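Have a look at it first.

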Amino acid sequence: MRKSHPVRRAVLAGAATVSGIVLLLSLKPASDPGSASAAGGAAPPVAAQSPQGGRGAGAGTVTGDAADTRYGPVQVRLTVSGGKITGAEAVQAPRGGQSDRVTADAVPELNRAAVAAGTADIDAVSGATYTSAGYRQSLQSALDKAAAADKADSGAAADASGGAAGIRQGTQVLTGDAAQTQYGPVQVRVTVSGGKITDVEALQAPRGGRSDQVTADAVPELNRAAVAAGTADIDAVSGATYTSAGYRQSLQSALDRAGG
């Protein structure tokens, strides 16, 4: 057997070492983020994300809750600018059969009335009682949402300027939850100024048949009592037990929001 020469073994070992180093260098990544940062290299830019859902400076759209009616749901979307209704549309309304004609006639009229009134206190369209009632209910829901959003925006601005306490001393218009009664819903809107009730109105009250007379007699009396008492702890009107109970419930809901 032939013996290897020591010099030859050394040469072969050195060649193997060089080859290994070359191979390791060839496997190293072309760029190393950590090394780039250490050397002051800029990291890849991150795309800026734009905020979603901004209403803009006092303008935007708001959609009320869908109101179920005997002939199908009614849902209203409002365009509000500068605190005023500038546009109204029904995104849902009764469809099919006779409802198509009723909707086609009534909804444009209700839209115009909402913009003109600036509130949900609009008259029902003749021949479209259920659609009108649902429209008003969804319209009020949209107005409540718009008011809540404006209040939140105002509160944030006041906090930033250190004047949040001043908002509680100003005038607030607050709508209570609709209270369901045996003869129909009752919903109250309250104006509070300087911590006191200055005005109350019923946005919804029982209608139809005998209820028309009861509502006409009871609601004005309940309004006066609420302003005088300054609370929801008012007496029921004789002959209007259910309406009075619903009125007090909705009134308390509105007052709870004033104190929140």
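## Aromatic pairs

The structure holds two aromatic pairs. To pair, the rings of Phe, Tyr or Trp (its six-membered ring) need centres within 6.5 Å; planes under 30 degrees apart are stacked, over 60 edge-to-face, and the rest tilted. This is a predicted model, so local features need pLDDT of at least 70 and side-chain atom pairs count only at pLDDT 80 or more, while totals for chains, interfaces and linings use all residues. Residues are numbered from 1 along each chain as its sequence is written, and side-chain values use heavy atoms, with hydrogens and water left out.

| Pair | Centre to centre | Angle between planes | Type |
|---|---|---|---|
| Tyr71 and Tyr130 | 5.6 Å | 75° | edge-to-face |
| Tyr183 and Tyr242 | 5.5 Å | 70° | edge-to-face |

Where do Tyr71 and Tyr130 sit? Tyr71 is in the loop between β1 (59-63) and β2 (75-81), and Tyr130 is in helix α4 (residues 129-161), so the pair links distant parts of the chain, 59 residues apart. (Helices are DSSP runs of H or I with at least four residues, strands are E runs of at least two, and both are numbered from the N terminus.) As for Tyr183, its place is the loop between β5 (179-181) and β6 (184-193), with Tyr242 in helix α7 (residues 241-258), so this pair ties together parts 59 residues apart in sequence.

Buried means under 20% relative accessible area, exposed over 50%, and partly exposed in between (1.4 Å probe, protein chains only). Tyr71 is partly exposed at 46%, as is Tyr130 at 39%. Tyr183 comes out partly exposed at 47%, and Tyr242 is partly exposed too, at 42%.

## Helix α6

Buried residues of α6 include Ser211, Val214, Thr215, Ala218 and Leu222. The helix's buried residues pack against β7 (196-204) and α7, with contact meaning heavy atoms within 4.5 Å. After α6 comes Gly230, with a positive phi near 75°.

## The whole chain

Zooming out, the protein chain has seven helices and seven strands. Of its 260 residues, 32% count as buried.
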